[in-house]
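Please keep the sequence and the model open while reading.

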Amino acid sequence: MFFPEGRVRVFLYGEPASMRLSFDGLYALAHNRMQQDPTTGNLFAFINRRATQIKVLYFDRTGWCVWAKRLEQGRLISNWDAVTTREMDWTQLKLL
């Protein structure tokens, strides 16, 4: 799905997340730990402890989507101490 870049809100979860989580588990993290409503159409990004995988949860009004990416080399984040739960823009997500 394609988004108008200026209208997309992206929330990054500031702690390592288990990549075993799927729709319900990621929904619970976004709702309970991030205090956000996942049904608003915003994107919610979750990164694993080694920072080699990312999952993005999205609700498109007909159902849930989970996008996943695993890096072959390198890391998405170099230091977890510098990461906080926060809102970021679409460009920053693409740069991850």
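**Briefing on the predicted model**

Thr91 lies in helix H2 (residues 90-95); helices (H or I, at least four residues) and strands (E, at least two) are DSSP runs, numbered from the N terminus. The model is predicted, so local features need pLDDT of at least 70 and side-chain atom pairs count only at pLDDT 80 or more, while totals for chains, interfaces and linings use all residues. Residues are numbered from 1 along each chain as its sequence is written, and side-chain values use heavy atoms, with hydrogens and water left out.

**Thr91**

- Thr91 is partly exposed, at a relative accessible area of 39%; buried means under 20%, exposed over 50%, and partly exposed in between (1.4 Å probe, protein chains only).
- Thr91 and Val8 are 83 residues apart along the chain, and their C-alpha atoms are separated by 10.0 Å.

**Sheet**

- An open sheet of mixed pairing is formed by 5 strands in the order S4-S3-S2-S1-S5; two strands pair if DSSP finds at least two bridges between them.
- S4 and strand S5 (86-88) are the edge strands, each with a single partner strand, so one side of each has no neighbour in the sheet.
- From one strand to the next, the twist averages 25 degrees.
- Helix H1 (residues 23-33) packs on the sheet and touches S2, S3 and S4, where contact means heavy atoms within 4.5 Å.
- The direction of H1 makes about 95 degrees with that of S4; axes are lines fitted to C-alpha atoms, for helices over the stretch in contact, and angles run from 0 to 180 degrees between N-to-C directions.
- Strand S1 (residues 10-12) and S5 run antiparallel and are joined by 3 bridges, with Met88 in S5 as the bridge partner of Val10.

- In S3, 7 of 7 residues are buried.
- Gln53, Lys55, Leu57 and Phe59 point one way from S3, Ile54, Val56 and Tyr58 point the other way, and all are buried.
- S2 and S3 pair in the antiparallel sense over 4 bridges, and Ile47 stands opposite Ile54 in S3.
- S3 and S4 also run antiparallel, joined by 7 bridges; Lys69 in S4 is the bridge partner of Ile54.
- Most residues other than glycine have a negative phi.
- The hairpin of S2 and S3 has 5 residues between the strands, and Ala51 in the turn has a positive phi of about 60 degrees.
- Ala51 counts as buried because its relative accessibility is 1%.
- The hairpin of S3 and S4 has 4 residues between the strands, and Arg61 there takes a positive phi near 75 degrees.
- Arg61 is exposed, with a relative accessible area of 78%.

**Aromatic rings**

- The structure holds 5 aromatic pairs; rings of Phe, Tyr and Trp (its six-membered ring) pair if their centres lie within 6.5 Å, and planes under 30 degrees apart count as stacked, over 60 as edge-to-face and the rest as tilted.
- Phe11 and Phe44 are a stacked pair, 5.5 Å centre to centre with 20 degrees between the planes.
- Phe11 lies in strand S1 and Phe44 in strand S2, so this pair ties together parts 33 residues apart in sequence.
- Phe11 is buried at 6% relative accessible area, and Phe44 is buried at 0%.
- Tyr27 and Trp64 are an edge-to-face pair, 5.4 Å centre to centre with 75 degrees between the planes.
- Tyr27 lies in helix H1 and Trp64 in strand S4, so this pair ties together parts 37 residues apart in sequence.
- Tyr27 is partly exposed at 28% relative accessibility, and Trp64 is partly exposed at 29%.
- Tyr27, Phe59 and Trp64 form one aromatic cluster.
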